[in-house]
Amino acid sequence: MVTAEPVLMKKLIPLTLLALTATAGAQSLSGVQLGLTGGYASGLSGEIFVLTPNVVGPVGVKVGVATTRSADAINDAAPTGLGGSLATYGDLKKPTSQGGFGYSESGSATVTSVDATYGLGEVAPGIDATLYGGGRYGMFRATFGDDATYTNYSSNAFGVGAGAMVSYALTGGLSLVGDLGVDHFFAADVNATDKNNNTTTYKAGSQTYAQDTAPFNRPGTNFKARVGVKATF
């Protein structure tokens, strides 16, 4: 079965290099930061970011790339239309000994972000805080089925997000960092591709969009909480 698991290094490294290139012109500004955080954002999640503070006064720019592995990519309560003991997608996941098909699910998301930041400065001894907000572009994937029969779902969506980062200085230019925030993604087309590579596209805004895409836990409002480290150059 073709899975939708993200290939972390292949996705993060090129996009991070792009982010570094985009901020290379700001190296003359003091305090350019490179960070790595991990935690939760609708699943196990990690992010690499580049933050250039004080571009104009306390206002800066943050560019990030995050990837998430989702264990709940399929809506178990969605109706299958089969009725009986196979009425929902959750029923299809039951083992054959319990009347199901033994189907499995996997999912992933890759989100790029560009934020304006506002540095609050030192809010306590050794602790700095930064607020941020800006645009998002998310690439969401899910797979449901088994080796014989499966469906790949995909959707790319724009969104907005905001949050706060708090850092605690350790030594030299290294700091611990915590990130709390929320992202919201707007409705977008959903593609469903079967094993034979036949694709059906469900258009956002259509009358049957909610019904057609019910099996796919497509993006909406996602809360995130991550911790990690950052280096200041």
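Colleague: Is Val 50 buried or exposed?

Modeller: Buried means under 20% relative accessible area, exposed over 50%, and partly exposed in between, with a 1.4 Å probe and protein chains only. Val 50 is buried, as its relative accessible area is 1%. This is a predicted model, where local features need pLDDT of at least 70 and side-chain atom pairs count only at pLDDT 80 or more, while totals for chains, interfaces and linings use all residues. Residues are numbered from 1 along each chain as its sequence is written, and side-chain values use heavy atoms, with hydrogens and water left out.

Colleague: Which strand holds Val 50?

Modeller: Strands (E, at least two residues) are DSSP runs, numbered from the N terminus. Val 50 is in strand β2, and Val 61 lies in strand β3. These two residues are eleven apart in sequence and 8.3 Å apart in space, C-alpha to C-alpha. Val 61 counts as partly exposed because its relative accessibility is 34%.

Colleague: Which residues form the nonpolar patch on the surface?

Modeller: A patch is made of residues with over 30% relative accessible area and no salt bridge, and nonpolar side chains (Val, Leu, Ile, Met, Phe, Trp, Tyr) are joined within 5 Å. A salt bridge is a side-chain nitrogen of Lys or Arg within 4 Å of a carboxyl oxygen of Asp or Glu. Accessible areas come from the Shrake-Rupley method with a 1.4 Å probe; for residues, only the protein chains shown count as cover. Here the patch consists of Val 55, Val 56, Val 59, Val 61, Val 114, Tyr 118, Leu 120, Val 123 and Leu 131, with about 750 Å² of accessible area together. Strand β4 gives the most to this patch, with four residues.

Colleague: What is the volume of the largest pocket?

Modeller: On a 1 Å grid over the protein atoms alone, a pocket is an open set of points where a 1.4 Å probe fits, with protein on both sides within 12 Å along at least five of seven lines; lining residues have an atom within 4 Å of a point. Grid points are joined across faces, edges and corners, and a volume is the space filled by probe spheres set on the points. The largest pocket has a volume of about 420 Å³. It is lined by 28 residues, and the closest to its centre are Ala 41, Ser 42, Ala 109, Phe 140 and Asn 222.

Colleague: Which strand gives the most to the lining of the largest pocket?

Modeller: That is β4, with five residues.

Technical notes:
Patch = residues over 30% accessible without salt bridge, like charges linked within 9 Å, V, L, I, M, F, W, Y side chains within 5 Å.
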